[in-house]
Amino acid sequence: MSNQQQELQGDFGVWLVIYVELFTFGVIFTGYSVARYHNVEMFNESQLLLNKSAGFLNTILLITSSWLVVKAVENIKNIYNDFDIKKASNYLLLAIGSGVLFVVSKVAELLHVFGQGINLSSNTFFTFYILLALFHLMHVLLGMFILFVLYQNTKKGNYSQKEHVGLESGALYWHMVDLLWIVLFPLVYIMR
Amino acid sequence: MLIALTCLAFLIGLTEVSNSWFVVVLLFSTFIKGKMIIDYFMGMNEYVSRWNNFPTLWLGLVILMTLGFYFF
């Protein structure tokens, strides 16, 4: 049985960060559900003002980006020649591109909401929506910075078949950002 | 699979109907999507230890808590 057991991807530090982030977002999601429970009608009415298509597009972009990062890590783990390094760095570049599109879409969506005269104090729904959107966006921006560093390191050939913990750790952070959005999208945009 | 389940969620959203069954399907599909990310993207399906279940436990708790506040 122990032969089948593999080591956990990434280093301990990144898992610590992931656990803390999951806990923090878990508390916010709980707060959202409690607030919704106390005023379902207001939450349902306010939700109609959100752009579901933008939320859908953002979900597709993050899933695609996460998948591209998986492919990059796979290429480094099974590295054979310089072509694999190039492929891995290209996957990372495309993942960053998807992240950029997510940011553009999210900023446009937020500007549209603010343009309607909605702000943090409009109602409880929008307080949660704006806080969750901005908090998650901060994580996306940090994730993109990490992906950029990984891209540069990959391009320089700093990762090998045996030494790629840094790449795995950065990838794990990006997957966590994706996981958080996977829960946030139906909770805030769809469920009524 | 992830894209297909996201399309399903979007289609449910387009109906703009408050329906208990839609919510059950929506949250169940969200759990499946999250589990796939945890298992296949984060590589947890290949790892066996007591820490293995934390992200899945977190996901399950969030989904159950959401369902709980929706129905009670």
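A crossing of two helices is called left-handed if the near helix is turned anticlockwise from the far one by less than a right angle, and right-handed if clockwise. In this sense helix α3 of chain A passes α4(A) in a left-handed crossing. The structure is a predicted model, in which local features need pLDDT of at least 70 and side-chain atom pairs count only at pLDDT 80 or more, whereas totals for chains, interfaces and linings use all residues. Residues are numbered from 1 along each chain as its sequence is written, and chains are lettered from A and ligands numbered from 1 in the order in which they are written.

Helices are taken as DSSP runs of H or I with at least four residues and strands as runs of E with at least two, both numbered from the N terminus. By this assignment chain A has six helices and zero strands, and its pattern along the sequence is α-α-α-α-α-α. Its C-alpha atoms fill a box of roughly 60 × 40 × 20 Å along the principal axes. A residue is termed buried if 20 or more other C-beta atoms lie within 10 Å of its own, exposed if 12 or fewer do, and partly exposed in between, with C-beta atoms placed from the backbone; of the 192 residues in chain A, 42% are buried. Two residues are in contact if their C-beta atoms, placed from the backbone, lie within 7 Å, and among the contacts in chain A between residues at least 6 apart in sequence, 82% join residues at least 24 apart.

Chain B has three helices and zero strands, arranged from the N terminus as α-α-α. The C-alpha atoms of chain B fill a box of roughly 40 × 30 × 10 Å, again taken along the principal axes. Buried residues account for 35% of its 72 residues, and 52% of the contacts in chain B between residues at least 6 apart in sequence join residues at least 24 apart.

The packing of helices is described by axes, which are lines fitted to C-alpha atoms over the stretch in contact, and by angles between N-to-C directions that run from 0 to 180 degrees. Angles under 35 degrees count as roughly parallel, over 145 as roughly antiparallel, 65 to 115 as roughly perpendicular and the rest as oblique. Within chain A, α3 (residues 52-77) and α4 (residues 82-115) pack at an angle of about 165°, with their axes 8 Å apart, which makes α3(A) roughly antiparallel to α4(A). For the composition of contacts, Ala, Val, Leu, Ile, Met, Phe, Trp, Tyr, Cys and Pro count as nonpolar, Asp, Glu, Lys and Arg as charged, and the others, Gly among them, as polar. The contact of α3(A) with α4(A) comprises 15 nonpolar, seven polar and five charged residues.

Helix α4 of chain A also holds A:G99, which counts as buried because 24 C-beta neighbours lie inside 10 Å. Apart from neighbours within four places in sequence, A:G99 is in contact with A:S65, A:V140, A:G143, A:M144 and A:L147.

The axes of α1(A) and α6(A) lie 10 Å apart at an angle of about 10°, and the two helices are therefore roughly parallel to each other. Among the residues making this contact are A:F25 and A:F29 of α1(A) and A:M176 and A:L180 of α6(A). By class, the contact has twelve nonpolar, one polar and one charged residues.

The residues involved include A:F29 and A:Y37 of α1(A) and B:W58 and B:F69 of α3(B). Of the residues in this contact, eleven are nonpolar, four polar and one charged. Overall, the contact between the chains takes 35 residues from chain A and 31 residues from chain B. On the side of chain B that touches chain A, α2(B) gives the largest share, nine residues, and this side divides into 21 nonpolar, seven polar and three charged residues.

A nonpolar core is a set of buried Ala, Val, Leu, Ile, Met, Phe, Trp, Tyr and Cys residues joined through C-beta atoms within 7 Å. The largest such core has 73 residues, of which A:V69, A:A72 and A:L92 touch the most other members. Its largest share, 18 residues, comes from α6(A). Beyond residues up to four places away in sequence, A:V69 touches A:L92, A:A95, A:A171 and A:W174.
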